[in-house]
Amino acid sequence: MQLKPLAKGRYSQRWEQDYPLIEAVILSCISEVKMLKKGAHLMTQGEAMASLVLVKQGRVSLGHTARNGRCFQLGTIDCDSQLFGEMEFFTQYHCQLDIIANEPLEIMIISAEKLQCSLGQHPQLALFFASAIAIDYQDTVDIFTRRLLYPISYNVAYDIYHEYLNDLPVDGFSKRYLEAERFGTTDRVYRRALQLLEERGLIERNKEGIRIKDLNALKQFVEAAI
């Protein structure tokens, strides 16, 4: 979740007003500052969490590996005061995702014990956590249900169009096999989906990547949700 106020949600104005207190409380709970190399784990799937992680800036990726070896990539986030581990903090469940540094990062370790004490002293801050978690939850459910209920070609088209609109909650990858995993499929099926969109005249591929060929047609295809 993002520590900074978001311009959405029922309590967005309250969030804006209370942000100095929210930031001060979180920063007071820092127990350690670390430098991570590219490829290092901020959080590891399946591990118990004794702390949260704050990333002021830098890019990370989020993914899950099933017991059968299949991987699902949620995507990448260009962090702007991003806090990780907040759900595990409240549920005490093990971490559900691998969160990996896509570049060298400075991270701040937030003590779960200190944060618990601070929330006891400032219970109104629970409203901030509830709002931020609810926004992230609904964004994530939206991604998962769309992945499950629509064909790969539609999901790829949806992401290309909304990447153009710059309103996706998470970004994609430059490597094709990771993009395939982001759609829960194989590289071969992902390439076939791109070929279908090319044949429809919606996109075209070149050395630089994927380019929208017919924006209006792509918009109609996405909004038709066929």
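Modeller: Start with residues 26-116. This stretch is 15% helix and 55% strand. Its end C-alpha atoms are 11 Å apart. The model is a predicted one. UniProt, in an unreviewed entry, gives residues 26-116 the feature "domain: Cyclic nucleotide-binding".

Now the two domains. The domain assignment sets domain 1 at 11-137 and domain 2 at 151-224. Eleven residues of domain 1 and nine residues of domain 2 take part in the contact. Between the C-alpha centres of domain 1 and domain 2 the distance is 29 Å.

How much area do domain 1 and domain 2 bury between them? The figure is about 820 Å². Carbon and sulfur atoms carry 53% of it. On the domain 1 side, the residues that lose the most area to domain 2 are Cys71, Gln73 and Thr76. Together they account for 52% of what that side buries.

Next, the polar side of the interface. The rule finds five residue pairs in polar contact across it, both residues at pLDDT 80 or more. It also finds one salt bridge between domain 1 and domain 2. Look at Asp171 and Arg59. Their side chains meet in a salt bridge, at 3.4 Å from N to O. Why can such a pair form? Side chains of opposite charge can pair when their charged atoms come close.

Which elements supply the domain 1 side? Strand 3 (51-65) and strand 4 (71-84) are the ones that give two or more residues to the side touching domain 2. Strand 4 gives the largest share, eight residues. By type, the residues on this side of domain 1 divide into four nonpolar, four polar and three charged.

Finally, step back from the interface. Over the whole structure, a search finds twelve salt bridges. One to look at joins the side chains of Arg14 and Asp18, at 2.8 Å from N to O. Both residues lie in helix 1 (residues 12-28). They are four residues apart, about one turn of the helix.

Key:
Residues numbered from 1 in each chain as written. Predicted model: local features only at pLDDT ≥ 70, side-chain atom pairs only at ≥ 80, totals over all residues. Heavy atoms only, no water. Domains from an automatic or database assignment. Contact = heavy atoms within 4.5 Å. Buried area = accessible area lost by both parts, 1.4 Å probe. Salt bridge = Lys/Arg side-chain N within 4 Å of Asp/Glu carboxyl O. Polar contact = N/O pair within 3.5 Å; in protein donor to acceptor, adjacent residues only side chain to side chain. Nonpolar A, V, L, I, M, F, W, Y, C, P; charged D, E, K, R; others polar. UniProt positions renumbered as here; feature names shortened; annotations may be inferred.
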